[in-house]
Amino acid sequence: MAQYDPNAIAFVREEMVPDMPAPASEHGVTGWLRKNLFSSIPNAILTIVGLYLAYITLETLLGFAVFEAVWTGEDREACVDAHGACWAYVGAYLDEFIYGRYTFDERWRVNVVYLIGAIGIAWLVYEHSPRRPLVGAAMLTAYPVLSLILLTGGNFVYSATFIWTCIALAAVALIIAFIVPTLTKSEPLPVIKSVAAVLGAIAVVLFVCSVNFGLPEVETDRWGGLLVTLVIAVTGIVFSLPFGILLALGRQSNMPIIRLICIIFIEFWRGVPLITILFMADVMLPLFMPKGVTVDSLVRPMVGVAFFASAYMAEVIRGGLQALPKGQYEGAQALGLNYWKMMRLIILPQALKLVIPGIVNTFIGLFKDTTLVSIVGLFDLLGQVQLSFSDPKWSTHQQGNTGYLFAALVFAVFCFGMSRYSIYMERKLDTGHR
Amino acid sequence: MKKKLLTAALGAAALGISAVGASAATLDDVKAKGFIQCGVSQGLPGFSNPDDQGNWTGLDVDLCRAVAAAVLGDADGVKFTPLSAKERFTALQSGEIDILSRNTTWTAGRDTALGLNFAGVNYYDGQGFMVRSSLGVKSALELSGASVCTNTGTTTELNVADYFRSNKLEYEIVAFEKADEVVAAYDAGRCDVFTTDQSGLYAQRLKLTNPDEHVVLPEIISKEPLGPVVRQGDDQWFNIVKWTNFCMINAEELGVSSGNVGEMMGSDNPAVKRLLGTEGAFGEALGLGNDWCANAVKAVGNYAEAFDRNVGPDTPLAIARGVNALWSDGGIQYAPPVR
């Protein structure tokens with residue numbers, strides 16, 4: 001073993017070597033390109049093929065939608081010799097696409113509904129806005145009633161049979177909720193109290209809707225376009241989440257009858273294609289109804305879509321419930337929480353957070369499924385676009401492509417918005433486990 | 001299901017649906033509610049399609065408007081229900097609509113087994129052929145060896161087979177599921193001939209890249225009489241619809257139009273007087289006012305006006321009168337006299 005002799009060292013560096021600039025392959029545009037796009041021969045080939053595909057797609061698409069498009073015109077003559085999109089036709093039909101055949105002078109009512117809806121959603125989405133719980137409650141209670149009255153015109157007339165049925169039901173509810181407990185000198189069950197509250201709320205809504213606000217009636221057969229799409233989708237979304245939660249809880253319940261009902265409901269609605277449900281609701285239901293009773297043709301598919309979405313939602317949420325460790329339930333019970341408190345404070349906040357992607361997935365699916373209502377004679381956005389193809393005034397060879405492109409853009413904007421919001425919510429609520 | 005029915009009933013009540021159903025006396029129902037429920041197509045150019053203002057227009061639509069004018073004195077007293085081909089008969093049977101005016105072909109099966117009545121013919125359609133004018137073909141009989149674009153599994157396809165075989169012509173079928181695909185294939189030159197109902201040919205021609213380079217051949221190889229349909233069992237309503245259609249045809253024959261109906265009221269021609277109700281009580285026999293036909297013509301015009309406005313030569317469809325001309329002009333539109 002050689003002795004270490006400090007004097008034998010000829011050179012000692014006393015300062016650090018200055019940093020060399022990074023090699024060309026590591027910085028700048030070329031560096032980025034080399035690293036990300038041309039790092040190996042297969043990658044380089046893929047990049048070139050990809051760029052070529054992107055080029056031919058964009059060239060065709062932009063050529064059709066922008067460069068060769070016709071932007072102005074009075075009728076088909078403007079577009080008949082062009083090769084690009086006929087946006088003049090979309091311009092002429094834009095009102096139809098947004099409102100359908102909604103009475104022209106009353107379209108401000110739709111605008112008010114859209115505007116309040118947009119403001120309300122923006123308010124709720126923005127984290128720092130004041131009084132969010134209050135606004136949220138108003139959006140879930142007052143806003144639907146307001147929209148119903150504004151869109152239909154209110155001033156509902158109920159048949160005598162209906163009024164008497166309601167009064168009879170209310171009387172039964174009152175007896176069960178208050179008179180029976182007084183007689184038996186027991187506290188009314190909390191469930192019965194809430195049922196009574198719900199009935200009371202329905203009564204108030206029914207009453208408000210029967211007030212004459214002087215708004216002319218606009219029948220639902222005049223509704224169309226984006227209005228119908230949004231009405232069906234929003235009803236479905238707002239209805240399916242709470243109803244889906246209840247169904248999911250019911251399916252996990254220890255009470256056999258409730259569990260059975262929930263399982264049958266979920267499996268029935270999930271087992272039948274939506275088209276079948278819509279057809280049943282539209283074609284068969286009127287034949288089953290007693291003579292003289294017709295259900296509005298917009299309400300029929302709305303109910304169908306809402307139940308259908310609820311069944312799917314229930315299964316998504318059940319997935320979240322099952323993903324929670326049993327300790328969460330036991331811990332909540334050990335704290336002495338009753339069932340509803342346990343669900344509200346411990347289980348659901350965690351379960352729902354887990355399944356946000358699934359929930360939003362169902363919402364987006366529901367939003368796009370609304371296009372199916374066109375098979376039962378309703379005109380949602382897509383149906384209205386297809387309907388406009390039948391106008392000889394505008395029919396040209398590019399009318400179909402233009403109309404579909406427009407519908408696709410609108411749907412894409414809405415679905416992309418929902419998807420981004422879901423990602424934002426996931427990030428915001430991501431509190432560990434990762 | 002029970003839950004659904006309950007909720008549906010609640011929804012119905014919540015939207016304030018009045019209780020008006022099918023009953024024998026459609027006329028009384030219509031008068032009571034103040035409008036006619038008219039079933040139309042989900043968009044067929046020239047027959048029933050909404051325009052860019054959202055108003056329904058077309059030949060079938062005008063018939064409903066004429067009935068409304070005859071019954072209620074107001075051509076706008078119509079609510080239109082767009083129906084798919086599948087829904088149309090159930091909607092009529094269940095009383096959801098009062099008239100089905102939706103380019104429906106009058107056939108024996110529909111007239112008898114379905115419990116419906118066809119109240120006349122407002123357009124004689126039939127299957128036709130369209131070819132490129134560059135082919136120089138003048139008649140379908142010159143089409144030997146042609147490839148024919150059509151829809152799969154329809155009577156259209158069978159009619160073509162019958163026609164070509166019976167005329168001993170060679171042909172090749174190029175069939176597609178949807179009408180749009182057929183048009184696209186024909187436009188792309190995948191076949192020489194495009195066949196469907198003739199009125200449809202004119203409508204689809206507008207969607208071709210160069211509409212002017214295609215011609216519709218004169219031959220018609222099938223009978224498709226299109227007309228309004230009502231429920232069986234209400235003869236009064238059946239008569240009203242039937243005679244409103246006849247009223248428009250008679251008005252054309254007698255030279256009565258929406259423009260001159262006022263002065264024609266003072267005409268000496270007994271046929272005009274009977275038609276417009278200044279003589280006789282033919283309207284009362286229908287359960288209407290005697291000016292029923294005058295109202296209909298004033299609001300909608302005679303058959304020629306309705307035809308020209310919706311499908312005629314000055315519209316983009318540019319359909320010639322052809323067999324739909326009056327019998328006196330060489331066509332087959334013929335209405336029994338009012339007397």
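Helices (H or I, at least four residues) and strands (E, at least two) are taken as DSSP runs and numbered from the N terminus. The model is a predicted one, in which local features need pLDDT of at least 70 and side-chain atom pairs count only at pLDDT 80 or more, whereas totals for chains, interfaces and linings use all residues. Residues are numbered from 1 along each chain as its sequence is written, and chains are lettered from A and ligands numbered from 1 in the order in which they are written.

Chain B holds 14 helices and 13 strands. Of its 339 residues, 48% count as buried, a residue being buried if 20 or more other C-beta atoms, placed from the backbone, lie within 10 Å of its own.

Five strands of chain B form an open sheet with mixed pairing, in the order β10-β9-β11-β8-β12, where two strands pair if DSSP finds at least two bridges between them. Because β10 (171-176) and β12 (214-216) of chain B stand at the edges with a single partner strand each, one side of each is left without a neighbour in the sheet. Strand β9 (residues 146-151) of chain B pairs with β10(B) in the parallel sense over six bridges, and B:Thr150 has B:Ala175 in β10(B) as its bridge partner.

Helix α6 (residues 155-166) of chain B lies across β8 (127-132), β9, β10 and β11 (193-197) of chain B and runs at about 155° to β9(B), while helix α8 (residues 198-205) of chain B lies across β8, β11 and β12 of that chain, at about 125° to β11(B). Here contact requires C-beta atoms, placed from the backbone, within 7 Å; axes are lines fitted to C-alpha atoms, for helices over the stretch in contact, with angles from 0 to 180 degrees between N-to-C directions.

Notes
Two residues are in contact if their C-beta atoms, placed from the backbone, lie within 7 Å. A residue is buried if 20 or more other C-beta atoms lie within 10 Å of its own, exposed if 12 or fewer, and partly exposed in between; C-beta atoms are placed from the backbone.
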